[in-house]
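Thanks for coming. I will take one structure today and go through a few parts of it in turn.

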Amino acid sequence: MIRFTSYIARRGQLLIWLLVAALVPFAARPTQVQAQSPLPCSGQFLIDHTFPNGGRWRLCWTDEALAGVSFYQVHFDPPGTATPERLILYSTALSQIHVPYDDNGARFHDVSDYGMGNNRQWLTAAECPGGTLIPLDTDPATNDFRVCRTQTGEGHAFRYYGTHKQASALTLLNASAIGQYNYIPRWTFYDDGTIEVGIGATGRLQRHTTNASYGWLINASSLPRGVSHTHNYWWRFDFALNGDSNDQLQEVNINGSGSDLRPMSISSLGTEAARTVSQSAFRWWRIRDTALTNNEGHAISYEIEPNASRVFRGPSYEPWTNAELYYTQYNGCERYASHNAVACSGAPSNASAFVNGQAVTDAVVFYGHTFHHVARDEDELYMSSHWDSFKLVPRDMTGTNPR
Amino acid sequence: MGIGRHVRLDKRAALGLAGASLLILVWIFGGGSGKLRAGSFAAVQDNTSIRTGYDPLSPEEEARALNLARSNPGVAGLLRPGQRAEVLFVERFQEDKAVTRGGTWPRRAVVYIYDYAQDVVAQAVVNLQTGATELGRPVRGAQLPPSRAEADRALQFILADGRAGAELRRRYQEVTGSQLTQADQIRVQSGIFHAASEPDHARGPAAACGAQRCVELLLTTADGQMLGTQLVNLSSQELIQLSR
């Protein structure tokens with residue numbers, strides 16, 4: 001900023017302020033003019049995206065040998081001038097992909113034992129239509145990886161008779177090849193603060209069997225059958241609504257399944273816990289900050305909206321499969337839902353062991369989502385991408401619909 | 001002298017006015033700073049010399065971390081010729097939140113080394129700003145994913161094995177109609193095998209996997225046709241049969 005020190009300069013400055021004061025009432029101001037704290041990342045690793053509605057995401061991404069593309073300090077600034085930018089997640093990443101086959105012929109742990117970053121793939125421009133490829137580094141000799149960044153139209157944000165608005169989202173996706181599978185982690189950040197956590201599974205079938213109990217015929221002859229298997233996707237979310245303290249998980253159940261009244265019960269959890277999905281109770285969870293409210297006095301929170309059509313329970317030596325959600329106090333050595341020994345020396349072995357009675361003030365949630373794959377003829381030669389996802393949705397971050 | 005000074009300041013004032021007027025115009029007609037950025041993407045800049053915070057290591061930083069680690073006497077001892085140890089990979093050190101909370105922290109790398117003789121992972125944490133390297137206590141039973149070099153070595157081991165090598169060549173001929181003459185005709189995917197992951201199969205020699213470093217290879221042709229899977233214990237240097 002040029003500094004004005006002379007009388008003439010001061011006069012010029014005064015003139016500018018008069019001009020500004022005169023024009024302010026006529027100026028459209030869709031977003032607040034607000035200084036944002038700088039994020040601890042630089043260059044292509046800093047994402048700062050503002051939508052047409054004024055909603056804005058700021059975050060850091062990085063690539064890690066095991067977890068692959070991971071995010072740090074995910075901030076959202078809702079559209080409109082009334083609400084400030086909020087820190088939503090301190091960090092988030094894939095925490096495991098556990099792939100047990102129905103014939104017990106293999107039980108893989110793809111993130112810890114193969115590594116998403118270790119097996120990252122090169123995306124071409126054709127794989128990122130309408131978007132921008134962000135390189136891991138720009139040296140052509142070593143540049144072997146890209147993230148595709150796209151702003152997509154997401155259809156109706158809302159509609160009411162003649163009133164309607166279109167929604168937008170920022171999508172960041174990449175690819176890793178593990179065995180015969182290619183995974184496509186896809187993170188979608190919507191213009192209302194919703195985060196859709198998704199992953200595509202594609203590639204080629206890896207295992208075959210003659211046993212009809214465990215596979216599906218995919219050729220004209222009786223051989224081979226593609227072996228049915230499960231992809232248990234796990235993510236780690238270090239929630240940080242308004243910082244690292246005062247986090248609290250609430251579980252919401254809509255009781256009375258089978259009866260005409262469906263009363264809601266809300267329970268707050270003060271200590272670490274393992275929780276399961278319940279379709280019949282419409283169960284969902286939210287992480288709220290107990291000290292932070294929106295302009296209507298309601299605790300700001302993020303809802304974990306399960307999208308569970310399958311539930312996987314494994315043998316006794318897979319204790320992390322006994323629940324879908326592990327609510328834990330932050331511990332930097334607890335990172336992988338299974339095979340966590342790689343995180344630190346002496347670290348607990350899996351998510352079920354992360355839950356050991358600690359009081360939770362800085363919440364880290366491990367959440368698992370299951371896809372069971374029974375092969376079909378169409379899986380040859382290449383399997384169509386099967387997309388799985390669930391959402392983290394703002395609940396009471398703003399007093400009204402921010403869109 | 002005095003006049004010149006005034007002239008310069010007048011220019012500043014004029015520039016300030018022009019700049020501010022432009023900002024005001026942009027503000028009015030652009031609809032605000034948020035809208036100006038909507039849907040647009042900044043040109044990608046990668047200045048590897050200023051990587052910071054959570055940014056992954058640049059190739060230069062990885063190379064520098066490796067060099068600094070090798071100059072540590074403990075690391076040099078581990079990696080000296082004749083020792084059965086090698087670097088798995090180098091990446092940004094995963095700092096605890098207690099360190100990152102302040103917003104700035106030293107740029108550190110971690111070099112993971114596997115010692116096949118002792119079956120431990122050694123971690124050398126390198127401060128890229130000061131050059132200081134700390135060799136942590138070796139950790140047993142933590143099997144990080146295999147490196148490219150390990151996968152290649154495991155494949156060489158299979159090709160050199162009388163029975164497994166012959167079977168792989170036969171299978172390659174069957175699938176492709178041509179001879180397997182060199183290792184790069186095969187696409188190798190590699191992962192760690194833990195006995196604890198599949199206790200029903202990990203009997204006999206496979207029971208040591210996890211405590212020892214076992215690499216499972218998925219072998220295909222370059223176009224993805226399946227050639228088979230093999231398990232190699234890099235610690236004991238044995239080919240292992242799984243009873244799957």
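**Chain B, then chain A**

In chain B, take the contacts between residues at least 6 apart in sequence: 54% of them join residues at least 24 apart. Please keep in mind that this is a predicted model.

Some totals for chain B. The chain has seven helices and nine strands. It is 244 residues in length, and 45% of those residues count as buried. The accessible surface of chain B is about 12200 Å², with 54% of that belonging to carbon and sulfur atoms.

Now the sheet in chain B. In what order do the four strands of the open sheet run? The order is β6-β7-β8-β9, and the pairing is antiparallel. At the edges are β6, residues 186–192, and β9, residues 238–240, each of which pairs on one side only. From one strand to the next, the twist averages 30 degrees.

Within that sheet, look at β7 and β8 of chain B. Strand β7 covers residues 214–221 and β8 covers residues 226–233; seven bridges join these antiparallel strands.

Helix α6, residues 148–160, lies across β6, β7, β8 and β9, and runs at about 75 degrees to β7. Helix α7, residues 162–176, also lies across β6, β7, β8 and β9, and its angle to β8 is about 160 degrees.

Over to chain A, and strand β23, residues 383–395. Which strands are joined to β23 of chain A by bridges? One is β11, residues 195–203, which runs antiparallel to β23 and is joined to it by eight bridges. Here A:Ala201 has A:His386 as its bridge partner. Another is β20, residues 299–305, also antiparallel to β23, with five bridges. In this pairing the partner of A:Tyr302 is A:Pro394.

Is A:Val74 buried or exposed? Its relative accessibility is 0%, so A:Val74 counts as buried; the cut-off for buried is under 20%. What is A:Val74 in contact with, leaving aside neighbours within four places in sequence? The list includes A:Trp57, A:Arg58 and A:Leu59, then A:Arg86, A:Leu87, A:Ile88 and A:Leu89, and also A:Phe189 and A:Ile195. As for A:Ala240, 166 residues away along the chain, its C-alpha atom is 9.1 Å from that of A:Val74.

That is where I will stop.

Notes: Residues numbered from 1 in each chain as written. Chains lettered and ligands numbered in written order. Predicted model: local features only at pLDDT ≥ 70, side-chain atom pairs only at ≥ 80, totals over all residues. Heavy atoms only, no water. Pairing = 2+ DSSP bridges. Helix = DSSP H or I, 4+ residues; strand = E, 2+ residues; numbered from the N terminus. Axes fitted to C-alpha atoms, helices over the stretch in contact; angles between N-to-C directions. Contact = heavy atoms within 4.5 Å. Buried < 20%, exposed > 50% of the residue type's maximum accessible area, 1.4 Å probe, protein only. Areas by Shrake-Rupley, 256 points an atom, 1.4 Å probe, with all protein chains shown as cover.
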